[in-house]
Amino acid sequence: MKFLRSSLRHLAVGLVAAAFLRTADVGAAASAGDFRWAGDPEGGAPFVEADPRQPDQLVGFDVEIAELIARKINRVPRFVNITFTSIDQSVERGDAEMGLSGIEDTPARRATMAPTIPYYEFREVLSVRKADRARFRTLADLKGRRVGTLGGTIAYEILLNAERDFGVQPVSYDDDVHPYSDLVIGRIDAVLLDNVLAERRARNLSGFAIQPQSVAIGHYVGILAVRNSALRDQINDILRTAMRDGSLESIFRKWRVWNDDQPRLYARLLAAQPVAAVTGFQASPMALTAWQALLGYLPSLLRASLVTIVLSCLAMFLAIVLGVSIATGRVYGSRLMRSLLTGYVELMRGTPILLQLFVLYYGIADLIRLPAFGAALLGLGLNYAAYESEIYRGALQAVPVGQLEAARILGLSETRVLTLVRGPLALRFALAPMTNDFIALLKDSSLVSVLTVFELTKQTQIFATNIGSWVIPGLLCAALYLAMSLPLATLARRLEQRWRFSTA
Amino acid sequence: MNHCVLSLQQVTLLRSSRQILAGVTFQVYRGELVALMGPSGVGKTTMLRVIAGLETFQSGTVQVEGIAINGANGNPPARLRDLRAKVGMVFQFHHLFEHLSVLKNVWLAPVYARGVPQREAENRARALLAALGVEHRAHAFPRELSGGEAQRVAIARALAVDPPVLLLDEPTASLDANRRAELRDLLCGLTSNGRTLVVATHDEEFARDCASRVLRVREGSVFDDTGIA
């Protein structure tokens with residue numbers, strides 16, 4: 001429960017912060033004196049975090065760097081809350097002038113955006129359970145093992161390479177807290193992430209160790225749109241000055257992330273020496289044409305579609321079985337059973353499915369450690385069962401009483417009346433809303449990416465982030481969803497025609 | 001004279017404080033074809049439904065072949081099932097099972113209520129449909145039948161469980177003159193082997209031609225027409 005509480009607390013703090021900060025945005029949007037910068041407070045300390053003591057205030061080293069820059073260009077910093085994976089696109093479309101939220105320097109960003117010079121050097125480090133410290137030293141030791149990281153990062157690309165080279169199984173998370181908690185409870189065997197994140201987690205979560213050898217070296221940069229290159233150059237000058245006069249050092253010291261890597265990085269930058277985006281790992285060359293990228297991603301998109309369709313079909317099956325049972329209980333059951341089942345239905349449809357998924361996967365992990373796919377299946381199935389049961393209840397009650405009386409007068413028992421007459425007739429009423437629900441489920445299945453299940457929407461998001469555009473990935477993703485839902489809709493229409501009632 | 005198959009004793013039925021049946025009392029004897037005559041809305045259908053155990057009533061007793069249900073307290077489901085085993089009913093609007101073929105409509109109850117092996121029940125169902133002249137519709141669905149065909153199938157379905165008493169509600173309502181004559185012959189044939197029929201109708205001519213006895217229904221009460229008590 002601890003992890004759930006902490007993520008819920010993050011969520012709550014984030015929401016409050018977002019509400020306040022968004023209002024501030026709107027109020028100040030007209031002012032030319034604003035410096036709008038984008039970040040994701042969910043990333044948390046020490047980058048950008050809502051101050052736990054004052055949730056309408058942001059704190060973190062990225063916040064202080066943004067303030068420093070704004071001060072030097074005589075503008076007022078205005079924070080724009082953007083999901084981490086969407087910061088590039090958001091800056092590109094002009095929601096903010098700069099993105100600053102532990103954003104990594106990559107060859108792709110250098111090609112498509114105007115990144116600043118790096119202001120911090122980090123190491124990609126491997127964290128493992130303490131007991132495994134000796135046997136899992138490098139990625140090569142993790143053959144066949146599940147290794148977690150944040151999706152859409154260099155670390156994730158490193159894991160994809162390691163999948164090919166060493167047979168590691170990459171597991172993508174949406175946040176940087178759950179990889180470590182899942183590592184400790186044994187859902188995964190290692191985490192590959194920035195040393196900044198690893199060290200921060202190590203301060204309040206015991207049970208894992210950080211391997212000293214770094215897997216790769218990367219840098220944090222601010223990102224701007226290419227059309228803002230002049231502003232970027234101005235910001236680069238400000239950063240160089242801050243490197244020289246020690247203002248960056250004092251910010252990083254304050255957040256306890258200053259180390260010997262930084263003076264070396266600053267010296268090279270100030271001497272105008274080139275700094276590679278990433279060292280120790282051959283990042284995928286950018287400037288893939290959209291067509292090449294499409295071909296490259298197609299197999300993984302198709303695999304992700306398979307996950308989506310299999311998960312949706314199994315979850316729907318579960319929802320139907322449970323839904324029929326709940327509806328039957330609510331129509332035929334005792335008063336106690338009826339009120340229990342009503343309670344279940346109201347609970348499941350009255351609370352967000354995302355919350356239910358979190359509780360199933362992370363919340364009860366201390367009691368039952370469900371595998372990700374199992375938790376996703378169960379979560380979707382249990383939630384949709386509530387909706388299905390309402391459809392069936394309505395359908396059972398819609399069966400004409402004459403049909404039931406005809407069955408009773410023939411001497412059929414109530415159970416037989418239900419299974420032979422009422423149920424099959426109700427199914428005909430339920431078919432159209434069920435089809436509707438299945439299609440909704442197909443799309444809701446994208447929510448399970450928060451449980452590290454890699455389905456179609458998540459894969460598309462990674463595709464889009466990596467090529468820096470949503471046009472082709474979006475169209476392809478839409479086409480794949482339609483390819484799954486349209487045949488089903490057609491099948492349902494056919495059945496409906498076959499089962500058409502006499503209108504007499 | 002004959003064996004009393006069916007009796008109603010002082011049956012009173014109120015529906016939201018409106019009196020539908022006001023102390024109905026009558027007997028029916030084996031092999032009779034009794035017509036319950038009267039205009040619409042006087043309680044004919046309700047009487048049939050009471051006999052079939054489909055209505056709860058406030059007071060009085062209904063007895064069919066020794067199985068009694070009464071209005072005072074609720075009747076146990078097992079007693080209602082026993083009663084229904086003695087009674088078949090053909091509804092005015094037939095209520096054929098819309099999702100099942102004609103043939104399955106007929107063999108469903110013998111198999112699932114009486115435990116007859118399916119093959120045997122199917123053969124019997126075909127024979128019944130043939131006897132009623134609708135065997136060529138065996139694989140049709142109810143929505144594809146004409147009114148007359150649907151009625152014959154409904155009769156076949158009711159006869160398939162071989163009830164000693166058969167109730168029919170307004171059987172002539174949807175039939176033309178020719179069909180009505182056929183139906184009369186058919187129903188008379190049904191009584192010949194000792195089956196008892198009670199037919200609710202407002203069709204004087206049909207009642208005259210067909211019934212062995214006519215009971216007049218007025219404002220929820222029954223008056224004997226013929227003096228047979």
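1. Contact here means C-beta atoms, placed from the backbone, within 7 Å. Helices (H or I, at least four residues) and strands (E, at least two) are DSSP runs, numbered from the N terminus.

2. This is a predicted model, in which local features need pLDDT of at least 70, side-chain atom pairs count only at pLDDT 80 or more, and totals for chains, interfaces and linings use all residues. Residues are numbered from 1 along each chain as its sequence is written, while chains are lettered from A and ligands numbered from 1 in the order in which they are written.

3. Buried in H8(A) are Arg232(A), Ile235(A), Leu239(A), Ala242(A) and Met243(A); a buried residue has 20 or more other C-beta atoms within 10 Å of its own, an exposed one 12 or fewer. Seen down the axis of H8(A), these buried residues fall within an arc of 100°, so they line one face of the helix. The arc is taken from the directions from the helix axis to the C-beta atoms. On the other side of H8(A), Ala230(A), Asp237(A), Arg244(A) and Asp245(A) are exposed.

4. After H8(A) comes Gly246(A), with a positive phi near 85°.

5. Between the chains, 18 residues of chain A are in contact with 20 residues of chain B. Helix H15 (401–409) and helix H16 (414–444) of chain A each supply at least two residues of the side of chain A that touches chain B.

Technical notes
Contact = placed C-beta atoms within 7 Å.
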